[in-house]
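User: I've got a new model open and I'd like to talk it through. Can you help me get my bearings?

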Amino acid sequence: MAMLMVNGAAAPAPASMKVTVFDVTGGAGRNAAGGAVFDRVGVKRRLDLKWSRLPGAELTALLQAVGGGRFFTAVYPDPESGAPREMECSCGDRCAGVLRMEGGEPVWVDVEMCWTER
């Protein structure tokens, strides 16, 4: 199985991937004793992905799969469970660095994306 899957298809393996596990809270405050209290309504994940270089066709396919303001399914290795984990997510910021031409084809470098669980 590929390291990263998008909508059931293998995606290019990123050069680096950072998994952030964060709490979604319904509100936070202090109790009468001064202790912090909050209502945790969920635990979600965010993937910060980076590719050192991607050929133009691979970047285009990846952007079409994750862009457009819609949700998609991603499978990635989860550090908490130690197993592949599937999540429905959306893609936030997407950026691609300097464009180079190799053999008449574009190659993008320093590509970054942030995927956040729904």
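User: What does the secondary structure of the chain come to?

Analyst: Keep in mind that this is a predicted model. Read along the sequence, the pattern goes β-β-β-β-α-β-β-β-β. In total, that comes to one helix and eight strands.

User: Where in the chain is confidence highest, and where is it lowest?

Analyst: Overall the chain has a mean pLDDT of 91, and 100% of its residues reach 70 or more. Strand E5 comes out highest, at a mean of 97. The lowest mean, 82, belongs to strand E7, residues 99–102.

User: Is the chain a compact globule or more spread out, going by the radius of gyration?

Analyst: For 118 residues the globule rule gives 13 Å, and the radius of gyration here is 18 Å, well over that, so the chain is more spread out than a compact globule. Along the principal axes, the C-alpha atoms fill a box of roughly 70 × 30 × 25 Å. On the radius of gyration, then, the answer is more spread out.

User: What percentage of the residues is buried?

Analyst: Let's start with the contacts. Among those with a separation of 6 or more, 58% are between residues 24 or more positions apart. As for burial, of the 118 residues in the chain, the buried ones make up 28%.

User: Which element gives the largest share of the largest nonpolar core?

Analyst: That core has 19 residues, and Trp 51, Leu 62, Val 66, Phe 72, Met 113 and Trp 115 touch the most other members. Two or more residues each come from strand E4 (36–55), helix H1 (56–66), E5, strand E6 (84–95) and E8. The largest share is four residues, and it comes from E4.

User: What does Met 113 touch, leaving out residues up to four places away in sequence?

Analyst: Met 113 is one of the core residues that touch the most other members. Its partners include Asp 48, Asp 93 and Arg 94.

User: Which residue lies over the face of Phe 71?

Analyst: This is a charge sitting over a ring, which needs CZ of an Arg or NZ of a Lys within 6 Å of the ring centre. Here the distance from the ring centre is 3.8 Å, and the residue is Arg 118.

User: Is Ala 74 buried or exposed?

Analyst: Ala 74 lies in strand E5. Neighbours within four places aside, Ala 74 is in contact with Met 5, Arg 85, Glu 86, Met 87, Cys 89 and Trp 115. Its relative accessibility is 0%, so Ala 74 counts as buried.

User: How far apart in space are Leu 47 and Thr 116, C-alpha to C-alpha?

Analyst: Leu 47 lies in strand E4 and counts as buried at 0% relative accessibility. Among the residues it touches are Met 17, Val 19, Tyr 76, Met 87, Cys 114 and Trp 115. Leu 47 and Thr 116 are 69 residues apart in sequence, while their C-alpha distance is 6.5 Å.

User: What is the relative accessibility of Val 37?

Analyst: Val 37 is found in strand E4. Beyond its neighbours within four places, its contacts are Gly 27, Ala 28, Gly 29, Arg 30 and Asn 31. Val 37 counts as partly exposed, with a relative accessibility of 38%.

User: What is the phi of Asn 7?

Analyst: Asn 7 is found in the loop between strand E1 (5–6) and strand E2 (9–10), where it counts as partly exposed at 47% relative accessibility. Its phi is positive in a residue other than glycine, near 50°.

Note on methods:
Residues are numbered from 1 along each chain as its sequence is written. This is a predicted model: local features need pLDDT of at least 70, side-chain atom pairs count only at pLDDT 80 or more; totals for chains, interfaces and linings use all residues. Side-chain values use heavy atoms; hydrogens and water are left out. A charge sits over a ring if NZ of Lys or CZ of Arg is within 6 Å of the ring centre and within 35 degrees of the ring normal. Buried means under 20% relative accessible area, exposed over 50%, partly exposed in between (1.4 Å probe, protein chains only). Contact means heavy atoms within 4.5 Å. pLDDT is the predictor's confidence in each residue, from 0 to 100. A nonpolar core is a set of buried Ala, Val, Leu, Ile, Met, Phe, Trp, Tyr and Cys residues joined through side-chain atoms within 4.5 Å. The radius of gyration is taken over C-alpha atoms; the globule rule is 2.2 Å times the number of residues to the power 0.38.
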